[in-house]
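Work through the exercises below with the structure in view, and try each task before reading the solution that follows it.

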Amino acid sequence: MKFNDYDVEYISINTLIVGTGAAGYNAACKLKKLGQSDILLISENRVGGTSRNTGSDKQTYYKLTLSGDTPDSVTQMANTLFEGKAVDGDIALCEAALSAPSFLRLVELGLPFPVNRYGEYVGYKTDHDPRNRATSIGPYTSREMTRALEREAEALQVPFKDHLQVIKILSDRERSYGAICLNTNNNTFVVIQAENIIYATGGPAGIYKNSVYPESQFGATGLAFEAGVMGRNLTEWQFGLASVAPRWNVSGTYMQALPRFISVNKDGTDEREFLNDFFSNAGEMLSKVFLKGYQWPFDVRKVDGGSSIIDILVYLETCKGRRVFLDFTRDPLDGNFDFKALSSEAYSYLERAGALVKKPIERLRIMNNPAILFYQDKGVDLNTEPLEISLCAQHNNGGLEINCWWESNIKNFFVVGEAAGSHGVYRPGGSALNAGQVGSTRAATYIAKKYSSSTQDEKKFKEIARKALEDITEIAKATLSSEENVFTLRDKLTLAMSNCGGAIRDREAIVELIHSIDSHIKHFNEEVKYSKPTALKHVFRLRDTLLTQKCYLESMLNYASEKGKSRGSALYTDYTGIKPYASLPNTFTFSLDDGAKDSLIQEMLYKDGKCSFNWRPVRPLPKNDDFFENVWRSYRENGNIN
C-alpha cells in the first residue's frame, strides 16, 4: 500500500521481539517453547549490538555460587543485588531465583563454562561481589551466549526479519499497539500491529561520543520515552577506561601488567608520561594503575586516595586536546622503579603470577596472552605499537521502567536486557548478562500465560498508526535535501554529551546543552538534512538520540536539584564540597553521596516535550509464604503468574 507517496507494508502478529542480542534471542526461544508461534523477531542489524560485539579481558557472567564450601542462597544473592542502591527488591529476587536455571540452560546450549574435576562450576570474585559468584569463558562470553541462542532460535524456526529499524512505537500512553519500522534495504516503511512488544534494543549507546559500546550499537530508548514508557535511574551509568579502536575495556590484566600511560599532541608529537606529573613516586603511581584492573569502573569513592584518580587524569589529558595511549613496549619511567615499591597487594599478585619481569608486554603475556591475541585479531599489535584509550561510557544501570515480569508502565510493552532499568547505582560485574536472561524469561512466561490472545481496539490502532505514519513521512520529506548535515550534528551532540553528561557532570553545562537539544528537537525538520537515501536511517536515529539525551540530561539536572551528590560513576561538580587534590581543576570539587537516596528510585516521564519526575521508595525484598503445599496449590491453579 501507499501512504504519502511512500510504500508501506503491514504485518500483524501477537508478539514482536525487537533486538537480536542474548536477551532478544532468549525471549524468542522461550516464547516458541511455550507454544507461542505467532511471533516475529526483528533487528536493524542481526550481527550488530553489544551482546555480540563486546567483552573484556575476561568477560564475566554473574550467577549463584555453584561450587566450594562458601554458603550461598537465593536470598543472599538477592540481598547483594538489592544492596546496589536504588534497586527494587522484587526484581533483585527474580534475578537471584532464576540465576541458576538461566546459567544451566546456557550450559545445556553448549557454553563451556569451566568446571573442576568433580563437576563444580567454579567461580571468582568480581566487583561488588561478596562471594565467588563470577564465571567466564574468556573475552567473548556474551558473544558466545548470543551465538548459542541464535542457533536455538534457528532450530526452533523462529520467524525473523533483518534490516528493520524501529522508528516509532505505537501507543496511546496506556498500552502498546505495535511499531513502525524503516526497511533500511529499500527505505520503505513497515507497520507492525502487535499485541505485545518485547523491547531488547540494548542500552542507549548512541548518546555518547566516547563509548566502549560497539559502533553497531545505538539503542532506541528515546522512542520508548516518546511513547510514554517511564524512565528510571537514568542518572546511573558505568564509565571506565577503554580503547577507542577497537572499542574494548582495558580492565583486568591490561592494567595489572603496568603499562606506560603516554599522551601526544593530535599530530603525534610531544610524547610524555603524564601520570608522572601528578604522583610523587613510582610505587604509588604503579600501585594505582595495578588497582584499575580490579576497580575498572570509575567510582567517585575511589578518587581520593584510590585508583579512580587514573580515570580523571586520562580525562583531563583528553580535555587538553591530546591523545592518550597505553604503551606495553617499554616500562614506565624507563624501568627506573623497584617492584618492591608497589603495594603489598600488587607485588604479591605479580609475584604469584610469575610476572615480576621487565616490560609490560612480557608481564601481560605471562598473565593473559589471549589479551594480546585479541588486539592482534583487531589489527593492533601491542608488541610494537601503543593503544589509544579514553574514559568511555560502558553500561547504563538505569533504563526503562519495569515490574517483576519486566513489563513497563505501558501495558503489553516489555523491556529486557540493558534497555531495562533493573540495576541501581552499583551492580556486581557480569550481573547484566544474568539480568538479560532472567528478564527475557520472565517476560516470555507472562506473555504466554496472560497475553496470548488479542485484546486491541482495532479502530484505535488504525488511528494511532495513521497519525504516526503522517509524522514519520513528514520527517522523511522535510529532511531530504541536496545538502547533508545529519552526521556532523550527531558528532557535535554526542561529543557535548560526553563532555558534560558523562562521568564528570557540571550543572551549568548540562543546562546549556539541554537548551541546545530542545532547539534541535523543536526545529528538527528544518535543521536536519540528508541527501542520500541510505542516510534516512541516520535521520531517525538522530531524532531518537536527541529525545534520549534530553531525558537523560533532565534526569541528571533533577538529581542535582534534589540535592543528589556524587555517587557511582558520576562526579557532580559541587563547589561547596571538597577537592581531593589541590592540583586538580575546580571542576573536580565534589561531595560524596550521603546515602539519603539509597532507597529511592527516580522516575522520569516525557510528554509534550517536557520531563516530569517522581521519587518513590524502592519496592522491598518480598517475604513470600514458602510453605510448599500453598505454593504447589497456587502453582497448579495459575503457575504463580499474577
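**Exercise 1.** How are H14 and H18 oriented to each other: parallel, antiparallel, perpendicular or oblique?

*Solution.* The model is a predicted one, in which local features need pLDDT of at least 70, side-chain atom pairs count only at pLDDT 80 or more, and totals for chains, interfaces and linings use all residues. Residues are numbered from 1 along each chain as its sequence is written, and side-chain values use heavy atoms, with hydrogens and water left out.

Step 1: identify the elements, bearing in mind that helices (H or I, at least four residues) and strands (E, at least two) are DSSP runs numbered from the N terminus. Helix H14 covers residues 458–478 and helix H18 covers residues 536–561.

Step 2: take the geometry, where axes are lines fitted to C-alpha atoms, for helices over the stretch in contact, and angles run from 0 to 180 degrees between N-to-C directions. The two helices pack at an angle of about 120°, and their axes are 10 Å apart.

Step 3: apply the classes, in which angles under 35 degrees count as roughly parallel, over 145 as roughly antiparallel, 65 to 115 as roughly perpendicular and the rest as oblique. H14 and H18 are therefore oblique to each other.

Step 4: H14 passes H18 in a right-handed crossing.

Step 5: list the contact (heavy atoms within 4.5 Å). H14 contributes Ile472, Ile475 and Ala476, while H18 contributes Leu536, Val539, Phe540 and Arg543. By class, where Ala, Val, Leu, Ile, Met, Phe, Trp, Tyr, Cys and Pro count as nonpolar, Asp, Glu, Lys and Arg as charged, and the others, Gly among them, as polar, this contact has six nonpolar, no polar and one charged residues.

**Exercise 2.** Describe how H1 packs with H6, and then characterise the setting of Ser142.

*Solution.* Step 1: helix H1 (residues 22–33) and helix H6 (residues 141–155) pack at about 30°, with axes 9 Å apart. That angle makes H1 roughly parallel to H6, and the crossing of H1 past H6 is left-handed.

Step 1: the contact draws on Ala22, Tyr25, Asn26, Cys29 and Lys33 from H1, and on Met145, Thr146, Leu149, Glu150, Glu152 and Ala153 from H6. The residues of this contact divide into six nonpolar, two polar and three charged.

Step 2: Ser142 lies in H6 and is buried, its relative accessible area being 1% (buried means under 20%, exposed over 50%, partly exposed in between, with a 1.4 Å probe and protein chains only). Leaving aside neighbours within four places in sequence, Ser142 is in contact with Thr50, Ser51, Thr54, Gln59 and Leu433.

**Exercise 3.** What is the order of the five strands in the open sheet that contains E11, and how does E11 pair with its partners?

*Solution.* Step 1: the order is E12-E11-E15-E14-E13, with antiparallel pairing, where two strands pair if DSSP finds at least two bridges between them. Strand E12 (247–249) and strand E13 (260–264) are the edge strands, each pairing on one side only. Direction ignored, neighbouring strands are turned by 50° against each other on average.

Step 1: strand E11 (residues 237–244) is joined to strand E15 (residues 387–396) by seven bridges in the antiparallel sense. Phe239 has Ala393 of E15 as its bridge partner, and Leu241 stands opposite Leu391 in E15.

Step 2: E11 and E12 pair antiparallel over three bridges, and they form a hairpin with two residues between them. In E12, Asn249 is the bridge partner of Ala242.

Step 3: Pro246 sits in the loop between E11 and E12, and the peptide bond from Ala245 to Pro246 is cis, with omega near 0°. As for E11, seven of its eight residues are buried.

**Exercise 4.** Which loops hold Asn233 and Leu333, and is each of these residues buried or partly exposed?

*Solution.* Step 1: Asn233 lies in the loop between strand E10 (231–232) and E11, and has a positive phi of about 50° although it is not a glycine. At 1% relative accessibility, Asn233 counts as buried.

Step 1: Leu333 is in the loop between strand E14 (323–327) and helix H11 (344–352), with a positive phi of about 55° although it is not a glycine. At 23% relative accessibility, Leu333 counts as partly exposed.

How values were computed. A crossing is left-handed if the near helix is turned anticlockwise from the far one by less than a right angle, and right-handed if clockwise.
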